[in-house]
Amino acid sequence: MCGIVGYIGTKKACPILLAGLNRLEYRGYDSAGISTIEKKGLSLMKDKGRVKNLSNLDGINELEGTIGIAHTRWATHGVPSKENSHPHQDNSKTFSVVHNGIIENYNELRKFLTENGYTFYSQTDTEVIPNLIHYYFTKDEKNDKQKYLRAVKNACMDLKGSFAIEVISSLYTDNMIVVRKDSPLVIGTCEDEKYLSSDIPAILSYTRNFYLLNDFEFALLTRNNIEFFDKNLDKINKKVQNIEWNSSSAEKDGYDDFMLKEIYEQPKAIRETIGSRINLNSKCEFEELNLTKEYLQNLNKIYIVACGTAMHAGLSGKNTIEKLCRIPVEVDIASEFRYRNPILDEKTLCIFISQSGETADTIAALKLSKEQGSKTIAITNVIGSSITREADYSIYTHAGPEIAVASTKAYTSQVILINILAIYFAEVLEKKDKDILNKLKSDILDLPKKIEETLTCNNQIKNFAKQIYQEKDIFFLGRGIDETVSKEGSLKLKEISYIHSESYAAGELKHGPIALIENGITVISILTDKDLIKKTISNIQEVITRGAKTLVITNQKLDNDMFNVVINIPDTNQFVSPILSIIPLQLLAYYISKEKGLDVDKPRNLAKSVTVE
Ligand code: M6R
């Protein structure tokens with residue numbers, strides 16, 4: 001939710017900031033703005049609309065400053081408008097601030113500042129921040145080196161909620177101050193340049209050396225140096241981290257859209273996720289974990305908690321863990337879990353899945369589980385993300401940066417990782433026959449090749465998309481593991497094509513939803529669960545009788561004449577079948593969105609990482 005970029009160095013900041021905003025636009029895209037330190041003071045250029053709009057503003061190319069901050073917004077407080085766009089300034093225009101997150105107590109702070117003579121020009125929560133900094137700065141009678149830092153720190157200590165903040169000032173023309181709490185911010189470092197961003201891919205083309213800030217750590221930057229401070233303003237040392245992703249993983253590389261590129265990257269992503277974790281004839285390795293047989297034996301329950309697509313990956317984890325380990329697993333939506341007083345103790349293990357590692361609800365649910373004595377495992381794609389700082393154990397999917405808002409390779413890599421985790425649990429517990437586990441492992445190792453085969457359905461799907469892109473409602477059906485995929489297929493379609501769609505457990509259909517089936521409606525079914533295929537076919541028959549058009553995705557030989565379109569995918573182990581059966585549905589959502597001329601990578605109202613509740 002919102003992207004922030006910053007630059008302090010020797011080059012003109014503006015083009016670097018605009019390039020960074022373009023790369024970060026997937027985090028929010030209803031307005032954008034920039035502020036730089038110029039000879040005459042702070043510049044401020046902003047407007048509603050996309051970054052392209054900002055790049056075309058009169059005078060933007062004349063900005064000369066070599067220090068600047070920039071923002072692309074996903075509106076929370078106040079409609080998208082010029083006034084509500086970031087950066088925001090204090091009344092005297094001494095401080096410019098960009099902010100990602102939500103200030104929960106902004107009403108009280110606004111009232112306090114208004115009583116102290118400040119005026120507000122926007123409806124945002126953010127505008128209190130530069131004014132609070134100004135307030136503390138002017139109240140501070142000491143004129144020492146730390147005055148600026150002290151003002152920022154004092155302002156931040158008054159804020160409740162989440163924030164990643166960058167501050168520049170016309171009084172400190174060689175500095176920038178940044179700080180975070182519960183919102184992401186990374187600092188990329190080169191010799192005489194520093195790059196700041198909400199996430200790593202946006203600045204990966206400049207450096208692979210990053211500092212990751214923890215909550216309430218302040219960084220005072222100059223071109224050649226960074227000093228870090230804790231919340232008492234005592235100096236702290238931080239280690240630079242080298243990130244392995246290469247910059248082309250954050251570029252489209254000849255594809256029309258990131259989503260299509262990321263769909264096609266799945267064989268590679270899955271190979272990376274498997275890495276050296278699976279070995280035939282020896283146990284799965286998770287060097288990050290040290291869970292004993294005794295601990296796992298004593299568990300009453302495992303919770304898997306996540307949001308959206310990550311939650312759908314959790315559903316397939318439930319299937320494998322329960323079947324291999326016979327431990328009950330409950331999958332929960334993080335925003336529900338955190339408020340429903342879940343039964344947690346040291347006998348519950350909680351697994352949290354989050355591609356970004358920044359999802360506010362998932363992190364809050366993790367904190368709650370820890371407080372109540374459960375061990376926590378985070379599954380994420382982003383090294384050093386907030387969730388990894390909270391969890392007892394963090395395991396990475398290593399899928400490479402995912403830029404498109406609609407998650408594709410992150411989902412399949414989460415599904416594979418949680419399946420490997422299930423095998424690991426089963427091996428520690430010595431629960432399952434070695435042959436069964438070895439068969440599953442070898443099927444997992446075959447998956448990258450089978451994903452490549454599955455991707456050859458591209459043209460068939462493209463043609464089907466042309467037939468149905470104007471429809472208003474589409475239904476998805478499946479049973480067992482296939483139901484989890486139908487949920488994900490339905491979400492993908494809604495998200496980027498704006499077509500209303502519903503996913504149902506096929507057996508539930510006649511308990512209500514079948515009333516919606518009428519002549520010509522499209523019903524998409526997934527049929528890979530051999531034990532349940534016949535049952536699902538009976539349900540499909542029921543919708544055909546009522547005039548539905550059917551698309552079937554299957555790894556079995558079926559009577560093709562029964563259905564309008566059949567997509568054949570390779571057969572694989574039932575536990576990991578979602579990794580193949582989701583691919584045609586990802587492509588379908590993609591091509592429908594293209595047919596409708598929509599912005600595939602940046603669907604309306606959405607943002608890649610949801611750092612607010
Ligand atoms: O970063 P996370 O995995 O925590 O994100 C969770 C959801 O917001 C995310 O999966 C969302 O549903 C995707 N846009 C789906 O494509």
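The model is predicted, so local features need pLDDT of at least 70 and side-chain atom pairs count only at pLDDT 80 or more, while totals for chains, interfaces and linings use all residues. Residues are numbered from 1 along each chain as its sequence is written, and side-chain values use heavy atoms, with hydrogens and water left out.

**The ligand and its shell**

Let's start with the ligand. It has 14 residues around it, and S354, Q355, S356, T359 and E495 come nearest; a residue counts as near if one of its heavy atoms lies within 4 Å. By class, that shell holds 5 nonpolar, 7 polar and 2 charged residues. Here Ala, Val, Leu, Ile, Met, Phe, Trp, Tyr, Cys and Pro count as nonpolar, Asp, Glu, Lys and Arg as charged, and the others, Gly among them, as polar. Two helices, α9 (308–325) and α16 (481–497), each supply at least two shell residues. Helices (H or I, at least four residues) and strands (E, at least two) are DSSP runs, numbered from the N terminus.

| Residue and atom | Ligand atom | Distance |
|---|---|---|
| T309, backbone N or O | oxygen | 3.2 Å |
| Q355, backbone N or O | oxygen | 2.6 Å |
| E495, polar side-chain atom | nitrogen | 2.5 Å |

Taken alone, the ligand exposes 410 Å², and the protein buries 90% of that (Shrake-Rupley method, 1.4 Å probe).

**The pocket**

Where does the ligand sit? It sits in the largest pocket, going by the rule that more than half of its atoms must lie within 2 Å of the grid points. On a 1 Å grid over the protein atoms alone, a pocket is an open set with protein on both sides within 12 Å along at least five of seven lines, a cavity is a set of points where a 1.4 Å probe fits but cannot get out, and lining residues have an atom within 4 Å of a point.

The volume of this pocket is about 540 Å³, a volume being the space filled by probe spheres set on grid points joined across faces, edges and corners. Its lining has 27 residues, with C307, G308, T309, K608 and V610 closest to the centre. α9, β19 (348–354), α11 (360–371) and α16 each give two or more residues to that lining, which divides into 11 nonpolar, 11 polar and 5 charged.

**The cavities**

The model has 2 cavities of 30 Å³ or more.

P87 lies in the loop between β5 (67–73) and β6 (88–89). L233, a residue other than glycine, has a positive phi near 65°, and is found in the loop between β14 (226–229) and β15 (235–236).

Key. Polar contact = N/O pair within 3.5 Å; in protein donor to acceptor, adjacent residues only side chain to side chain.
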